[in-house]
Amino acid sequence: MRSFSISHKKDFMSAVLLHDDFDDFTLSEATVKTAVSFVIDGKINADFFSSEDPAPAEPFVRYGEIRNFFFEIIKGKRTPVYFKFVFHAPKALVEKILAEADSGFSIQDINSLSFTATFKDGALSVISGTNLATFSLDKSVDEAWDKYVEGFLAKFE
């Protein structure tokens, strides 16, 4: 787990709201406080889908599918009072990170690789995190994920 301070807030928010940089990540939860608070649970509701239109394989909604919603509630001249977005790596990215980590872990050993973007009191930060399905002292996946997140965020600095 690492914490990153984002100094170029406009570039970061432009990527989050206007561009497809974050679209392949899934979103497990989001909170945006403007004049009112919006709280989104990104968990896929399997009951909504049918056999003709099956539910997505990922447990959470792809951010690209709901990005415009966030643009609509955040756009304008006034900055939100607060926001928090919890993004998760899609399965293909988890597999790539596992290959780079060169560890003994398999995809079944990883519950999630995530990062949380938080804006509070004028500061924007991102915290990376790993959630393994089993206890391990091996930190190779954590290190590989932290390195990926650092590189991903570098393009907004």
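Val126 lies in strand β7, which covers residues 123-132. The model is predicted. Val126 has a relative accessibility of 0% and so counts as buried, the cut-off being under 20%. Beyond its neighbours within four places in sequence, Val126 has contacts in several parts of the chain. Arg2, Ser3, Phe4, Ile6 and Phe12 are among them. Phe115, Thr116 and Ala117 also touch Val126. Further contacts of Val126 include Val149 and Leu153. Met1 stands 125 residues from Val126 along the chain, yet the two C-alpha atoms are separated by 10 Å.

Helix α3 itself runs over residues 91-101. Its buried residues are Leu93, Val94, Ile97, Leu98 and Ala101. Viewed down the axis of α3, these residues fall within an arc of 140°, so they line one face of the helix. An α-helix has 3.6 residues a turn, so residues three or four places apart point the same way. The other side of α3 carries exposed residues: Ala92, Ala99 and Glu100. Just after the helix, Asp102 adopts a positive phi of about 50°.

The chain as a whole contains four helices and seven strands. Their order along the sequence is β-α-β-β-β-α-β-α-β-β-α. The radius of gyration is 16 Å, close to the 15 Å that the globule rule gives for 157 residues, so the chain is as compact as a globular protein of that length. The C-alpha trace spans about 50 × 45 × 25 Å along its principal axes.

Contacts across the sequence were then considered. Among those between residues at least 6 apart in sequence, 70% join residues at least 24 apart. Of the 157 residues, 42% count as buried. The accessible surface comes to about 9200 Å². Carbon and sulfur atoms hold 52% of that surface.

Notes:
Residues are numbered from 1 along each chain as its sequence is written. This is a predicted model: local features need pLDDT of at least 70, side-chain atom pairs count only at pLDDT 80 or more; totals for chains, interfaces and linings use all residues. Side-chain values use heavy atoms; hydrogens and water are left out. Helices (H or I, at least four residues) and strands (E, at least two) are DSSP runs, numbered from the N terminus. The radius of gyration is taken over C-alpha atoms; the globule rule is 2.2 Å times the number of residues to the power 0.38. Buried means under 20% relative accessible area, exposed over 50%, partly exposed in between (1.4 Å probe, protein chains only). Contact means heavy atoms within 4.5 Å. Accessible areas come from the Shrake-Rupley method with a 1.4 Å probe; for residues, only the protein chains shown count as cover. The arc is that of the directions from the helix axis to the C-beta atoms.
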